[in-house]
Amino acid sequence: MNQPSTSLRNFDPAFPGENWFFYWKTSASLWRGKLTECPAGPVIVPINWAFHTDTGENFDFGHTKPEANLAQLASLAEMIGRELVFFLPLTPFPFLPSGGVPHLLARVPSLNINAMAYAILDNENQINKLISFFDTRVYQAYRKFVTQLGRYFSEAGVACNIWGVEAGYLKNHYFVSYIEDRSVSFTQSFSRYLAVSKEENLNQTEKKEEGEEEIKSELLTPREEKKLKQKFTHIITDLYREAAREGLAGHYEGIVRVGFLGGSADDFFKRLVAANDWNEHSRSIMEFVGRDVIASSVLIPKIQANVLERQLSEMITTTLLPLKLNPATCDPEETSVWRPLTLFEIFERNVSGEENNHCWRNFGLLDFLERDYRWSFRVKSADDFFMADQYTQSKSLYFFHGENLDSGKLTYLLKVFMSGGSIILNRSRIADVEKKRLETFFIENNLEIEKVGFHTTLHNIRLGDGRFLVFEGEKLEELDLEKRLVFWHDVLATFNIPKVKIKAEEGLEFSWRERESHATEFHYEQMRRLSVYNPTSYKKRFMIELPKNFVLLKLIDETNVQTQSRPGSIAMEFSPMGSISLDFGLFS
Amino acid sequence: MANIDTVFMIYSYLSREELGLERIDNEASAYYLLYVFEENSLLPRNELVKIYNDTAPLKMPSELPESYIGPFENLKDLNQYAFALCDTQNANQVALVSLQNFNETIKTANTPSDFKQILLEHSNLLANPDKDKKKSLFGKLFN
């Protein structure tokens, strides 16, 4: 097996970052050499739809252009012992002209939720515009393409996995998908959807499911319209997912979300008039990881020895990417893989942030965690909470909105509680059925309910190690931020979640990772790795007060940093672009 | 103060609901600025807000999403704000671009320089009549 090179090749347009390989940007005759030079880890190959067809009707998988021969690429990778993973677009891809839609189908420009045309600067300073995925011609052509692709993979015996990719960007702390659209195509199909839904409502005699939007009259309030637009967007997103799943059959692995640094409208204007803001990119990487989204730097230019490359390599290429592409490594007992430390798992109704009220940020929780448990939490979509052992085994504290509970989710939440897990439930807007079921569960199991009044009414229930705390979130929204922060401080203090005191000057980014201890580390219950990055052009100070059960084991990859270890604390001074990782062993 | 050639202002006509704010009865839609930038930088929001508070007849809602400046009841108020901004920035001109024009412009632009050039051609240009009329002490010393 050829040994991969340890450093990323800079300025090679075929390798724009994090092991992504743009096969159409280089000659097929150079593929072997390039794959050999690619850093260790899986090679990510995004599929460029438009490169395989101009019309959406006829497809080229190497019959005309050798660079379109994906089977050849897979075979070369196998020959040199490299793992290839294909990323198939489920939304427009921002690094491709027209978002990757074939030339003859690129007719209706997509507009973002502010009705502004998507404009994205790529790493070669070209402006990419996106094409609406709500254009029915685009959808029909997409179905054809994925069916052909699936057939081609089967016939050519390509054994690599294909992941569907929902591409997006960061806006006001939320991941927003590039499929979001307010173009004329969207408006027309949305009108058709409204008309059909109204007709169905008229014909429907049965009672509607609780919580389901009902289209009652000709005139919708703007709020109702917004909700229905979100729902319609989800329906179309599901159509693309379904097309990919059906078309690719056995090759299809599932969906990953990829967030592109520098890919928002705000970023477009910032990058248009000034250089890249490395501080912001560095923070965005953490925000993406905190939302369980794979960050990608393929849109931004590469700068040698930039701290961002180290951060991406440590947080994405060697941590989040393997976890996402190989779910077996999610097993908390797995000792070879560092996982982002997740003390809190926060399930939000809508991770795209379009509906901004009645969310954990409005309750002050995210502000509190960002202050006291920075980047030790994950914000996920409530739709992603499914029955899996990872929840009953994990020691995270779960936050859930009652209104997101259905029968299955409540059953599983109670299973987590009975297995010794801790849950905080916002019961505002919970459906009557689930509310009654929850109350019945507590009564039937003879569980004592402790009631406390603190800005809202808290119901505290214990069962062995398990804790179930129920509160009214709506009451918190009325408080000023300071009171909300005090609320979460006092409530979470009762859960005894270990907190490490850190003083970091503004601009520094840091993150914790965790893994179980190896047999040779038997003194310790768990291992933690703290990585600190200074993406600024200034000197910055960082200090950590070590709890008594933390033992510093080693310093790793010290770059432009001076460390000073004192009893119970470590002080560090970072020069510009400095970074370091510290490994700790934890005992009970 | 540095000499600026053109300040670009991209604006849109929006209702409160479109801005994600609670609806207020009888409150009509208004113009809002989405992006304000010159050749080398985005103009700092605090400066834009200060000029708004000093010159605009309407009050900026405290809950307005951070990227917006407004409301401007009509184009006259928006132009007035543009002149005030032009003056403060000592810019030669302001290019006012509606969101619709931006969306048209971007279709044909492939690079940032293309884009700025085409944007200029599709904007409502307001020249600064007071440019260099009143000079600051620094201006008097160095110009």
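How many Å separate the centres of domain 2 and domain 3 of chain A, taken over C-alpha atoms? In this predicted model, the two centres lie 31 Å apart. The domain assignment of chain A places domain 2 at residues 344-493 and domain 3 at residues 501-586. Domain 1 is assigned to two segments, 23-180 and 241-274.

Within chain A, helix α4 (residues 136-156) was examined together with helix α6 (222-248). The axes of α4(A) and α6(A) come within 7 Å of each other and cross at roughly 25 degrees. Since angles under 35 degrees count as roughly parallel, α4(A) and α6(A) are therefore described as roughly parallel to each other. Their crossing is right-handed. On the side of α4(A), the contact is formed by Y139(A), Y142(A), R143(A), V146(A), T147(A), L149(A) and G150(A). These residues meet L239(A), Y240(A), A243(A), A244(A), G247(A) and L248(A) of α6(A). By class, the residues of this contact comprise nine nonpolar, three polar and one charged.

Chain A also contains an open sheet of seven strands with mixed pairing, in the order β11-β10-β12-β13-β16-β15-β14. Strands β11 (377-381) and β14 (449-454) of chain A each have a single partner strand and stand at the edges, so one side of each is left without a neighbour in the sheet. Averaged over the sheet and with direction ignored, neighbouring strands are turned by 20 degrees against each other.

A backbone feature of chain A was found at A115(A), where phi is near 65 degrees, a positive value in a residue other than glycine. A115(A) belongs to the loop between β2 (84-89) and β3 (119-121) of chain A. In general, most residues other than glycine have a negative phi, and most peptide bonds are trans.

A cis peptide bond occurs in chain B, from G70(B) to P71(B), with omega near 5 degrees. P71(B) lies in strand β3 of chain B. This strand takes part in an open sheet of five strands in chain B, arranged in the order β3-β2-β1-β4-β5 with mixed pairing. The edges of the sheet are β3 (69-72) and β5 (124-127) of chain B, each of which pairs on one side only. From one strand to the next, the twist averages 30 degrees. Strand β1 (residues 4-14) of chain B runs antiparallel to strand β2 (residues 30-37) of chain B, and seven bridges join the two. One of the paired positions is Y13(B), whose bridge partner in β2(B) is Y31(B). Helix α2 (residues 75-89) of chain B lies across β1, β2, β3, β4 (91-98) and β5 of chain B, and runs at about 145 degrees to β4(B).

Two other helices of chain B, α3 (residues 99-108) and α4 (residues 112-121), pack with their axes 9 Å apart and at an angle of about 140 degrees. That angle makes α3(B) oblique to α4(B). The crossing in which α3(B) passes α4(B) is right-handed. T105(B), I106(B) and T108(B) of α3(B) make the contact with F115(B), I118(B) and L119(B) of α4(B). Four of these contact residues are nonpolar and two are polar, while none is charged.

The contact between the two chains draws 20 residues from chain A and 22 residues from chain B. On the side of chain A that touches chain B, β4 (127-129), α6 (222-248) and α7 (265-273) of chain A each supply at least two residues. Helix α7(A) gives the most to this side, with five residues. The residues of this side divide into 12 nonpolar, four polar and four charged.

How values were computed. Residues are numbered from 1 along each chain as its sequence is written. Chains are lettered from A and ligands numbered from 1 in the order in which they are written. This is a predicted model: local features need pLDDT of at least 70, side-chain atom pairs count only at pLDDT 80 or more; totals for chains, interfaces and linings use all residues. Axes are lines fitted to C-alpha atoms, for helices over the stretch in contact, and angles run from 0 to 180 degrees between N-to-C directions. Helices (H or I, at least four residues) and strands (E, at least two) are DSSP runs, numbered from the N terminus. Angles under 35 degrees count as roughly parallel, over 145 as roughly antiparallel, 65 to 115 as roughly perpendicular and the rest as oblique. A crossing is left-handed if the near helix is turned anticlockwise from the far one by less than a right angle, and right-handed if clockwise. Two residues are in contact if their C-beta atoms, placed from the backbone, lie within 7 Å. Ala, Val, Leu, Ile, Met, Phe, Trp, Tyr, Cys and Pro count as nonpolar, Asp, Glu, Lys and Arg as charged, and the others, Gly among them, as polar. Two strands pair if DSSP finds at least two bridges between them. Domain bounds come from an automatic or database domain assignment.
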